[in-house]
Amino acid sequence: MPTRSLPAHLSALTALLALAAVPTAAAQGKANVPASLFQTNGKRGGTLTLPLVSSPQSFNYFAVLDNNSYTVMNNVLDRLITLDPQTNKLYPALAESWTFAPDGRSATLNLR
């Protein structure tokens, strides 16, 4: 990876600040993403292409510290229950319903 001198960093920062002063399409009320991307619902089958910097080290989600592995596995695996971080409420994902034991030490999940 090439190194840059301090003046090169300053000129890059100056260019970024100049771009920040230019009104963006979103600021002008225009979408910066083509509307065609959001006009169809997903369907089963097909191909998902993920741009990765390198190959995943492992497909064992819990035994690797590799962003490429997480990128792949997050698109392959699904959660049983989803937690909404804003409300702290649990919502179904793969589990349709669940109950917790009175002692709080176990849970029963009914899968869809």
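Residues are numbered from 1 along each chain as the sequence is written. In this predicted model local features need pLDDT of at least 70 and side-chain atom pairs count only at pLDDT 80 or more, while totals for chains, interfaces and linings use all residues; side-chain values use heavy atoms, with hydrogens and water left out.

Biologist: Which pattern does the protein follow along the sequence?

Modeller: Helices (H or I, at least four residues) and strands (E, at least two) are DSSP runs, numbered from the N terminus. The protein has two helices and four strands. Read in order, the pattern is α-α-β-β-β-β.

Biologist: Where is confidence lowest in the protein?

Modeller: pLDDT is the predictor's confidence in each residue, from 0 to 100. The protein averages 74, and 62% of the residues score at least 70. Strand 4 (residues 107-111) has the highest confidence, at 91, and the lowest, at a mean of 50, is in helix 1 (residues 6-21).

Biologist: Is Leu80 buried, partly exposed or exposed?

Modeller: Leu80 lies in the loop between helix 2 (67-74) and strand 1 (81-83). Buried means under 20% relative accessible area and exposed over 50%, with partly exposed in between (1.4 Å probe, protein chains only). Because its relative accessible area is 40%, Leu80 is partly exposed.

Biologist: What percentage of the residues of the protein count as buried?

Modeller: The accessible surface (Shrake-Rupley method, 1.4 Å probe; for residues, only the protein chains shown count as cover) comes to about 10100 Å², and carbon and sulfur atoms hold 58% of it. Of the 112 residues, the buried share is 8%.
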